[in-house]
Amino acid sequence: MTMPKALTIAGSDSSGGAGLQADLKTFQELGVYGMTAITTIVAMDPHNRWAHQVFPVDLATIEAQLETIIVGVGIDALKTGMLPTTDIIELAARTIEKHGLKNAVVDPVMVCKGADEPLHPENTVCYRETLVPKATVVTPNLFEAAQLSGLTRIETVEDMKEAAGRIHEFGAPYVIVKGGRKIPHDYAVDVLYDGKTFELLESERIETAYTHGAGCTFSAAIAAELAKGRPVKDAIATAKAFITAAIRHSFPLNEYVGPTHHGAYRRYGEQ
């Protein structure tokens, strides 16, 4: 039996709800064998209101991990998460090009949840110029879409469409701007643009504060479905159902954070 294989190039979330931990859980739930190239380690300070501490991994160590996975094993899809420096963003882009990798999902993580400033503003330019053009799908949230597109803010569905159109110009065939329930709309809404048509991806508005790792999980689900050979829009539809179930059954870890439930789609379906 041959099992589809996916790679996540991402940070490690010590609390287990986001980053490569969320990615591996998602891959497993969707029947895909997951592998990791760790780019950074994120810890949280329980004595200082869960303040994030970010420890980047050196470039040579990341390169060694990528060589192990891509040359030593092989992959059917990949996704990126937190890439904390321009050198690491450029390495991800070079790796995709060097090995002719297909099915690349770029989740352009720019902040840790709860923050409102990019970890490194110069990364935005690097994403635009090097990694986004190599992606099959790019999945920015509202803040990331504003940074990438150059819009001051994104507050409506029309703004989301404008941002998606601008990001598409950098070379990614598919762009999904994630609005969720932060946009005034009857449903939790994302906008998908394929260069020709804007599609609204709508689901119920779930009122919960427990959404840690939702973006990581969504992009990982897309990568997993692409690894299985699914068409892009079918992969995105499954990922939307997967993350909606995960948010619906999310739960608290402590007074500061609550993750999505990665087993919810399998256990409860879309209910």
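Here are some questions and answers about strands and helices in this predicted model.

Q: What makes strand β8 (residues 188-193) largely enclosed by the rest of the structure?
A: A residue counts as buried when its relative accessible area is under 20%. Six of the six residues of β8 pass that test, so the strand is largely enclosed.

Q: How do you know which faces of β8 are covered?
A: In a regular strand the side chains alternate between the two faces of the sheet. On one side of β8 sit Ala-188, Asp-190 and Leu-192, and on the other Val-189, Val-191 and Tyr-193. These residues are all buried, and both faces are covered.

Q: What makes β7 (residues 174-180) and β8 a pair of strands?
A: Pairing needs at least two bridges, and β7 and β8 have five, in the antiparallel sense. Across from Val-191 in β8 you will find Val-177.

Q: How do you know that β8 pairs with β9 (residues 198-203)?
A: Again the cut-off is at least two bridges, and six join β8 to β9, which run antiparallel. Look for Ala-188, whose bridge partner in β9 is Ser-203. The hairpin of these strands has four residues between them, and there Gly-195 takes a positive phi near 95 degrees.

Q: Which strands pair with β4 (residues 77-80), and how do you know?
A: With at least two bridges as the requirement, β1 (residues 5-13) qualifies through four bridges to β4, and the two run parallel. Ala-6 stands opposite Ala-77 in β4. Strand β5 (residues 104-106) qualifies too, with three bridges to β4 in the parallel sense. Here Lys-79 has Val-105 of β5 as its bridge partner. Between β4 and β5 the chain passes through helix α3 (residues 86-99), making a right-handed β-α-β crossover.

Q: What makes the residues of β4 buried rather than exposed?
A: Buried means under 20% relative accessible area. Ala-77 and Lys-79, pointing one way, and Leu-78 and Thr-80, pointing the other way, are all buried.

Q: How are helices α7 (residues 214-227) and α8 (residues 232-248) packed?
A: Two packed helices are described by the angle between their axes and the distance between the axes. For α7 and α8 the angle is about 140 degrees and the axes are 8 Å apart. Their crossing is right-handed. Contact means heavy atoms within 4.5 Å, and the residues making it include Phe-218 and Ile-222 of α7 and Ile-236 and Phe-242 of α8. By class, this contact has twelve nonpolar, two polar and two charged residues.

Notes
Residues are numbered from 1 along each chain as its sequence is written. This is a predicted model: local features need pLDDT of at least 70, side-chain atom pairs count only at pLDDT 80 or more; totals for chains, interfaces and linings use all residues. Side-chain values use heavy atoms; hydrogens and water are left out. Axes are lines fitted to C-alpha atoms, for helices over the stretch in contact, and angles run from 0 to 180 degrees between N-to-C directions. A crossing is left-handed if the near helix is turned anticlockwise from the far one by less than a right angle, and right-handed if clockwise. Ala, Val, Leu, Ile, Met, Phe, Trp, Tyr, Cys and Pro count as nonpolar, Asp, Glu, Lys and Arg as charged, and the others, Gly among them, as polar. Buried means under 20% relative accessible area, exposed over 50%, partly exposed in between (1.4 Å probe, protein chains only). A crossover is right-handed if, with the strands pointing away from the viewer, the path from the first strand over the helix to the second runs clockwise.
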